[in-house]
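Have a look at the chain below. Then read on to see how its parts pack together.

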Amino acid sequence: MQDGLSFQDILNKGKEILKQSGITCFDTDAWYLLEYITGMGRAEYFLKCEETAPGETITKYLKLIDTRASHMPLQYITGSQEFMGLEFKVSPDVLVPRQDTETLVEYLLPFAKGQDILDMCTGSGCIAVSLLKLGGAASCTAADYSEKALDIARHNAGINGAYIKFVHSDMFKNITGTYGIIVSNPPYIRTSVIDTLMPEVKEYEPLMALDGGRDGLCFYNIISREAKKHLKPGGILAVETGYDQGKQVFEMFKESGYNDICIRKDLSGNDRVVAAVMP
């Protein structure tokens, strides 16, 4: 049934299957999966699009299309995601690195050079690796409660040539020493909201990395209180927040006695980063 199909035919078939399955970016995702299977770039595809695709390629491609049609995130299928121009391995054990989090890293890059950094709730390690490789940090410690997430983060540090100390810790429980920067992208989704999220998120991404408790602020309470014990005087605390949590986290940091508190917005104009300075 599949014999004689061209690369163009199977790409169009992939688009149609994803479209019928409710995948918003059906055309883009269909292309990325074809590129992933064949290794062809756009230019090569346009030269070969009318050539008959090998049967094995067709079978593998349509299998991946069916997997994406089940709403598994594209990044979990290909096993990778770019972040800050660097490549990171991802799996269902970690959140897929997002552009929102690049806002957090971009805020900290001018302050990172020569600093000792702690990345709390490191997940894939994308923040820690980026600040070390792009910001010139002196050292970086990355902590997470999930051993599986730490395995992924270790791998990402290795493939990006970043020497990072990894610590298995329930928040600050196993953290020692002081740091010039403490950064975190903690779980911040309200428990009651998780069931309303898109299938790619609620069915595939790790619940542990999403659920921020009843009000979504559980981990910010811990961070605002405990980070003070591990920040050097004049050190920076910076966290990613949900789009509607900036003012609440601002007030939380203010009540905890931090100075120079600010809110930074993401590219969509939503509150995304709250940062403060240790007295």
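This report goes from the whole chain to its sheet and then to one helix pair.

The model is predicted: local features need pLDDT of at least 70, side-chain atom pairs count only at pLDDT 80 or more, and totals for chains, interfaces and linings use all residues. Residues are numbered from 1 along each chain as its sequence is written, and side-chain values use heavy atoms, with hydrogens and water left out.

**The whole chain**

The protein chain has 11 helices and nine strands. Both are DSSP runs numbered from the N terminus: helices are H or I with at least four residues, strands are E with at least two. The C-alpha trace spans about 70 × 40 × 35 Å along its principal axes. Of the 279 residues, 49% are buried, meaning under 20% relative accessible area (1.4 Å probe, protein chains only). Contact means heavy atoms within 4.5 Å. Among contacts with a separation of 6 or more, 65% join residues 24 or more positions apart.

Seven strands make an open sheet with mixed pairing, in the order 5-4-3-6-7-9-8. Two strands pair if DSSP finds at least two bridges between them. Strand 5 (165-168) and strand 8 (259-265) are the edges, each pairing on one side only. On average, neighbouring strands are turned by 15 degrees against each other, direction ignored.

Strand 3 (residues 116-120) and strand 6 (residues 179-184) run parallel, joined by four bridges. Here D119 stands opposite V183 in strand 6.

Two helices lie on this sheet. Their angles run from 0 to 180 degrees between N-to-C directions, with axes fitted to C-alpha atoms, for helices over the stretch in contact.

| Helix | Strands touched | Angle |
|---|---|---|
| Helix 7 (residues 126-135) | strands 3, 4 and 6 | about 180 degrees with strand 4 |

**A helix pair**

How do two helices cross? Packed helices are described by the angle and the distance between their axes. The axes of helix 2 (residues 26-38) and helix 4 (residues 55-69) come within 10 Å and cross at roughly 140 degrees. The two helices are therefore oblique to each other. Angles under 35 degrees count as roughly parallel, over 145 as roughly antiparallel, 65 to 115 as roughly perpendicular and the rest as oblique.

Residues of helix 2, including L33, L34 and I37, meet residues of helix 4, including Y61, L64 and I65. By class, this contact has eight nonpolar, two polar and three charged residues.

Key. Nonpolar A, V, L, I, M, F, W, Y, C, P; charged D, E, K, R; others polar. Buried < 20%, exposed > 50% of the residue type's maximum accessible area, 1.4 Å probe, protein only.
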